[in-house]
Amino acid sequence: MKHDKMMNIAKKRGFMWSSFEIYAGVAGFYDYGPLGAILKNSIINKWREYYIVREGFYEIESPTVMPEEALKASGHVDNFTDPMTECKECLEVYRADHIIEEVIDKEVEGLTNEELTAMIADEEIGCPKCGSQLSRVWNYNLMFQTLIGAKGKKTGYMRPETAQGIFIPFKRLLRFFRGKLPFGVVQIGKAYRNEISPRQGVIRLREFTQAEAEIFVDPRDKTHKKFDAIKDKILKLYPAEIQMKEGEPIEISAEKALTSKIVSSQMLVYQLYLASKFLREIGIPDDVIRFRQHLPTEMAHYAIDCWDVEVKTERYGWVEIIGIADRTDYDLKSHTEHSKEDLRVFIEYYEPKQIKKLAIKPNMSKFGPSFKGDAPKILKALEDIEAESVNQAIENEGLFKLEIDGNSYELLPEHVNFEEVSETVRGEKIFPHVIEPSYGIDRIIFSVLLHTFTEDKENDREYFKLPKDIAPVEVSVFPLLNKEELVKVALQIEDDLRLKGFIAEFDSSGTIGRRYARADEIGVPFAITVDHESLEDNTVTIRNRDNMEQKRIPISDIGEVLDNLMNYRIEFEDL
């Protein structure tokens with residue numbers, strides 16, 4: 001299988017391998033080796049080029065440990081769960097929906113625990129390990145819990161996503177962006193999910209890297225300034241309606257997807273296009289990419305539209321590698337409610353409006369004596385309460401109850417008067433909506449390796465056909481023969497290239513054919529070979545990985561030629 005061959009080379013040549021191997025390993029953890037770490041950073045830097053340089057967003061970095069109250073507000077403490085089942089005999093635990101899907105080959109995400117339990121019984125699904133009966137299904141929280149401080153009095157969790165680290169400091173971010181919408185903030189870093197039984201290699205990890213952007217927009221304006229430039233681009237969409245009819249994905253223009261109301265906004269369509277362009281640029285072809293809309297049963301409670309960018313794999317079928325959602329105002333509203341900090345944005349009108357409204361006028365001759373020292377804070381609280389609601393409560397119930405710092409106060413008719421006033425309104429406060437593209441970097445790396453892995457039977461070689469600007473090693477430098485005079489020139493060229501910023505690798509071991517094969521295998525796009533002719537005319541051979549063509553160039557031009565090739569200013573054929 002292509003998958004097995006790819007993973008064998010990836011492990012052998014230092015891209016990735018299972019963690020803690022000398023201690024029998026731990027499922028759900030992977031190391032990136034010398035080449036894998038460079039590849040990962042190259043893909044992350046490409047992502048930064050897209051979202052920070054081109055889109056104009058800014059990056060922040062927040063802690064990976066979060067206090068319980070922050071994740072309580074986000075809903076993770078109560079809702080971040082997966083359905084679990086346990087073998088009644090061997091006590092092995094499994095993720096219930098995955099066990100069912102493997103047996104009946106049908107999506108069951110979004111079904112209730114009761115429905116999953118019934119399905120296990122109806123289909124007579126037993127323990128994969130020993131075949132015994134499985135228990136009822138229950139919820140299991142995926143977060144790693146920890147204790148903060150020497151005495152452990154404060155509960156914390158390893159963050160399950162990077163997004164909350166952007167929502168929580170929203171007031172400071174809003175000030176940084178001068179209070180104007182829309183704006184985007186990104187974060188790249190580790191997230192943690194204590195998966196029940198990760199059995200899909202790098203596809204399902206307990207520690208993984210996310211690259212997320214949170215784009216804050218006015219809920220009344222989800223247009224995108226670049227939409228006209230991409231409206232004719234074709235996307236392969238798999239809408240929820242077609243999925244429910246068991247139909248096939250459709251190819252449709254960005255504009256048609258919007259006007260047909262398949263996708264909810266220009267902003268969301270644009271993010272779908274951006275994701276497809278990014279994946280194509282790092283080596284994943286269009287024909288293995290699709291955009292699958294979440295079904296009503298699996299749509300997150302905070303989202304009004306959500307799409308998974310999926311890549312087809314040989315072993316695991318369609319795998320989600322990016323999620324793109326309209327999270328609405330759920331997060332900012334929830335953090336406002338729990339923290340008591342106002343996370344709204346003031347939106348100024350083009351022209352001020354004159355409105356009439358009911359105003360509260362305290363009767364201080366009664367107010368002061370009744371509430372004494374608490375009067376100032378009650379008056380302050382009343383500034384944020386609609387006068388209409390106070391008036392209605394007094395008219396209907398004879399009083400208005402007010403809770404401040406755990407204390408309860410009762411406003412009676414004698415304490416307040418109401419009058420209609422004219423007011424100039426220059427704007428209003430709103431909660432922004434959030435458009436979120438969330439990239440799973442580890443799954444993307446796996447997909448890149450899988451889909452760039454090339455079996456060239458004609459030339460009896462297997463190699464990673466990585467795009468040249470993300471290849472871990474950019475150029476190999478070889479002496480044709482392992483002779484001192486050739487080795488000396490080759491080493492000098494390697495040093496010069498490294499000083500110019502290239503990741504260059506010298507190799508003099510074995511025949512030149514074997515060295516080319518080793519370089520090809522790990523995806524090195526170009527090779528420089530020093531031969532006897534080089535000693536006479538200061539030229540070298542440059543070889544192209546993909547078609548194995550060779551040309552001669554002056555030693556003095558190597559840096560400039562490679563720079564032009566790596567940055568796609570010229571093609572190899574142009575030399």
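These are my notebook entries on a predicted model of one protein chain.

**Entry 1: the whole chain**

I began with the overall picture. I found 21 helices and 28 strands in the protein chain. I then looked up the box that holds the C-alpha atoms, and along the principal axes it comes to roughly 105 × 65 × 55 Å. Of the 575 residues in the chain, 48% count as buried.

Next I turned to contacts between residues at least 6 apart in sequence, and noted that 67% of these join residues at least 24 apart.

**Entry 2: surface and charges**

For the charges, I counted 77 positive and 101 negative ones, and their mean positions lie 3 Å apart.

**Entry 3: backbone angles**

I kept a reminder at the top of this page: most residues other than glycine have a negative phi, and most peptide bonds are trans. With that in mind, I went looking for exceptions.

Which peptide bond is cis? I found the one from Leu181 to Pro182, with omega near -5°. Pro182 sits in the loop that runs between helix 8 (170-176) and strand 10 (183-192).

Then I checked phi. Glu124 is not a glycine, yet its phi is positive, at about 55°. I traced Glu124 to the loop between helix 6 (113-122) and strand 7 (138-141). Is Glu124 buried or exposed? Its relative accessibility is 72%, and exposed means over 50%, so Glu124 counts as exposed.

Asp460 is another residue other than glycine with a positive phi, this one near 50°. I located Asp460 in the loop between strand 22 (453-456) and strand 23 (461-464). With 73% relative accessibility, Asp460 counts as exposed.

I finished with an open sheet whose three strands come in the order 4-9-8, paired antiparallel. Which strands stand at the edges? They are strand 4 (65-67) and strand 8 (145-148); each has a single partner strand, so one side of each has no neighbour in the sheet. From one strand to the next, the twist averages 40°.

I looked at one pairing in detail. Strand 8 and strand 9 (residues 154-158) run antiparallel and are joined by four bridges. What is the bridge partner of Leu147 in strand 9? I found that it is Thr155.

How values were computed. Residues are numbered from 1 along each chain as its sequence is written. This is a predicted model: local features need pLDDT of at least 70, side-chain atom pairs count only at pLDDT 80 or more; totals for chains, interfaces and linings use all residues. Side-chain values use heavy atoms; hydrogens and water are left out. Helices (H or I, at least four residues) and strands (E, at least two) are DSSP runs, numbered from the N terminus. Buried means under 20% relative accessible area, exposed over 50%, partly exposed in between (1.4 Å probe, protein chains only). Contact means heavy atoms within 4.5 Å. Lys and Arg count as positive and Asp and Glu as negative; His and the chain ends are not counted. The place of a charge is taken as NZ of Lys, CZ of Arg, CG of Asp or CD of Glu. Two strands pair if DSSP finds at least two bridges between them. Axes are lines fitted to C-alpha atoms, for helices over the stretch in contact, and angles run from 0 to 180 degrees between N-to-C directions.
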